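Here is a friendly walk through one protein model, written for someone who likes to know how each value was defined. Have the coordinates open and follow along.

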Amino acid sequence: NNKNKNNKNKNNTCIQLLFEPKTSQNTNSSDKQRQEEYNKTKKANVCVVCGVAKDYMRHYVVPYCYRSLFPESYKMHLPHDVILLCADHHVQAERLAHKRMRKMEKSLRKE
């Protein structure tokens, strides 16, 4: 399993997705139809963790620091990438995301 086969410069580390994102370029018609149906469904404005219906905020599942490195075709703002969280759960999610990013960064460094 050669995970770094595309990494020619050892000083330039990259993250490679192990799946193909479903964009308008690479989805079949049934996937597009399901996406359109999902986009049209009514969604409640509540925290997806606890159901609180006030003081919620948007949380991006894929952090901007990663999304900004994606090719333009993958930078689409998909509704599945945005969830609503109350302030408490947003803080918790951000803390865990930063912990995971630090762990990934540490594993990629070769000191």
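Let's start with Ala93, which is found in helix H3; helices (H or I, at least four residues) and strands (E, at least two) are DSSP runs, numbered from the N terminus. The model is a predicted one, in which local features need pLDDT of at least 70 and side-chain atom pairs count only at pLDDT 80 or more, while totals for chains, interfaces and linings use all residues. Residues are numbered from 1 along each chain as its sequence is written, and side-chain values use heavy atoms, with hydrogens and water left out.

Ala93 counts as partly exposed because its relative accessible area is 21%; buried means under 20%, exposed over 50%, and partly exposed in between (1.4 Å probe, protein chains only). Which residues does Ala93 touch, once its neighbours within four places in sequence are left aside? They are His59 and Leu85, where contact means heavy atoms within 4.5 Å. His59 is 34 residues from Ala93 along the chain, and their C-alpha atoms are separated by 8.4 Å.

**Overall layout**

The protein has three helices and two strands, and from the N terminus on its elements run α-β-α-β-α. Of its 111 residues, 12% are buried. Among contacts between residues at least 6 apart in sequence, 70% join residues at least 24 apart. The protein exposes about 9,700 Å², and carbon and sulfur atoms supply 52% of that area; the areas come from the Shrake-Rupley method with a 1.4 Å probe, and for residues only the protein chains shown count as cover.

**Pairs separated in sequence**

| Pair | Separation along the chain | C-alpha to C-alpha distance |
|---|---|---|
| Ala93 and His59 | 34 residues | 8.4 Å |
| Asp88 and Tyr56 | 32 residues | 9.2 Å |
| Val52 and Ala87 | 35 residues | 9.9 Å |

Asp88 is found in helix H3 and is exposed, with a relative accessible area of 64%. Val52 sits in the loop between H1 and S1 and is partly exposed at 33% relative accessible area. Not counting residues up to four places away in sequence, Val52 touches Val46, Cys47 and Cys86.

For background, most residues other than glycine have a negative phi. With 60% relative accessibility, Asp55 counts as exposed.

**Charges**

How many salt bridges does a search of the whole structure find? The search finds one, a salt bridge being a side-chain nitrogen of Lys or Arg within 4 Å of a carboxyl oxygen of Asp or Glu. The side chains of Arg109 and Glu105 meet in a salt bridge with an N to O distance of 2.4 Å. Glu105 has 41% relative accessibility and therefore counts as partly exposed.

Lys99, Arg100, Arg102 and Lys103 form a positive surface patch. Patches are made of residues with over 30% relative accessible area and no salt bridge, with like charges joined within 9 Å. Lys and Arg count as positive, whereas His and the chain ends are not counted, and the place of a charge is taken as NZ of Lys or CZ of Arg.

Terms used:
Patches are made of residues with over 30% relative accessible area and no salt bridge: like charges are joined within 9 Å, nonpolar side chains (Val, Leu, Ile, Met, Phe, Trp, Tyr) within 5 Å.
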